[in-house]
Structures are given as structure tokens and as C-alpha cells.
Amino acid sequence: MNLVELSKEISYALRHTPWEYELELDEQGFVPIAQLLHALNESGAYEREITQADLEQIIATSEKKRHEIVGDKIRTLYGHTIPQIIKKEPGIPPAVLYHGTTHKALPQILLDGLKPMQRQYVHLSVDVETATRVGKRRDPEPIILKINTVAAQKVGILFFVGNDKVWLCKEMPKDCLSIFTPKTLPCNTAV
Ligand code: HQG
């Protein structure tokens, strides 16, 4: 069983096209596990029946916490593009967050700030490493933006919890971001 492919299909269904699977998300993005399993198994795309244990294994072994099971329901934690806005839990983020983006997008971002584009929320990372991984999906040498979340909250930006590495917001004004350049030590510095 290819759990990566299965995880991708679940993200596809729960982030982008629940109607293709005859699923209806509740306001926090949850669907009954039984309904999701029924839809996945009905397609006949998998070599054997998908079970709740497979879903649990995906969540336990994935390098990113994309999905969450609570009781008899499952949801995808971020990345939604469906018209129905998923309600996320508000929270106070770390003082600094990061966003990995492309050289191509940078001029527009410096003019307009960060926008959700196709998704419901702007996605921000808790560390440079995660932001770099996000940015590398589209640019081999991504630009890393540093987000001053204290300044953002002062101008009324609300933050929402994605997962342990991802925070969400509706937009990020340009005045709250700067280009992050890692500090490099002069080559004669003793370490
Ligand atoms: C850029 C994946 C022009 C933005 C990742 C990004 C993440 C602008 C792109 C999650 C802009 C949108 C989300 C503006 C933002 N003008 N471009 N004003 N504002 N952009 O994919 O953050 O692996 O929707 O910089 O790891 O890249 O699928 O967002 O380059 O956590 O679980 O517009 O999706 O998670 O791209 O990625 P996306 P993202 P998974």
C-alpha cells in the first residue's frame, strides 16, 4: 500500500474537491472517517481495502502533520481551496515566523504583502528550515521572508493554528515582512 499516494488523495479530497467524493466538511473541515473510507474504497483505485489503521499510520509516519483524527472524524489541517471557509483556531504565534517564496513572486509581495492566492489562508512557517522546504517546491533557491507577528497583531492581523510548524492568517501587510538573510560568520572568526 502506497501511503504517500493515499495521503495525497486525502489532501486532494479534503482540501480541494470534497464534492468529487460526496463528502461534506463541517465548519472545522472534519468529515466522518467512515464516509472518507467508503469514498476511497468505492473508487477501486487501491489494491486492498483502506482501513482506519492506514489513516492512523499516515498521520503517525508523515514528515508533516497534514491530517488529524478526533473521535470518529478526520480533517486536513491546512491548505484548503474550497469555497466554504474552514474555521481555524485562533492563537498567539511566536514573535517571528517565516515564509518561503520564489524570486518571481517577490516584487509583487513587496508591493502587496502576502495574499492567500488560491488558498483560504496565507501559510507561515515556524522556522527557516520549514520555510525553505516550502519555498523549494517552486524555486531551487527560495527567498525567505521574515514576518514580524507582533507588528502584524498591532495592525489587527489574526493568527490561526495550522499544525506544529504552520501558522495561518488572512493576509500579511508588506510593512510586517522583511527579507531574511542568514547571518554568516566572517571567515577568520574562531568557532
Ligand atoms: C505566493 C504545502 C504574488 C506565495 C506547503 C507562494 C505549505 C504571492 C504562492 C502549504 C503573493 C502561493 C502552502 C502576492 C503570496 N503576489 N505571489 N501578493 N502572496 N504569494 O502553494 O505557502 O506539502 O498556495 O509566496 O508546504 O507555498 O501540500 O502557498 O509562493 O505548508 O502539505 O504565492 O502547502 O503543504 O502558493 O504553501 P501556495 P505556500 P503540503
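The ligand sits in the largest pocket of this predicted model. A pocket here is an open set of points on a 1 Å grid over the protein atoms alone, with protein on both sides within 12 Å along at least five of seven lines, and a molecule sits in it if more than half of its atoms lie within 2 Å of its grid points. In this predicted model, local features need pLDDT of at least 70 and side-chain atom pairs pLDDT 80 or more, whereas totals for chains, interfaces and linings use all residues. Residues are numbered from 1 along each chain, and side-chain values use heavy atoms, without hydrogens or water.

The domain assignment, automatic or from a database, divides the protein chain into domain 1 (3-76) and domain 2 (90-179). Their centres, taken over C-alpha atoms, are 27 Å apart. Because both domains give residues to the shell around the ligand, the ligand lies between them.

Around the ligand there are 19 residues (a heavy atom within 4 Å), and the closest are Lys 64, Arg 66, His 99, Thr 101 and Arg 119. By class, this shell holds eight charged, six nonpolar and five polar residues, with Gly counted as polar.

Now to the polar contacts (pairs of N or O atoms within 3.5 Å). A polar side-chain atom of Arg 119 is 2.7 Å from a ligand oxygen, and a side-chain N or O atom of Arg 137 is 2.9 Å from a ligand oxygen. The backbone takes part through Gly 113, with an N or O atom 3.0 Å from a ligand nitrogen.

Key
Polar contact = N/O pair within 3.5 Å; in protein donor to acceptor, adjacent residues only side chain to side chain. 1 Å grid on protein atoms, 1.4 Å probe; cavity = no way out; pocket = protein on both sides within 12 Å on 5 of 7 lines; lining within 4 Å.
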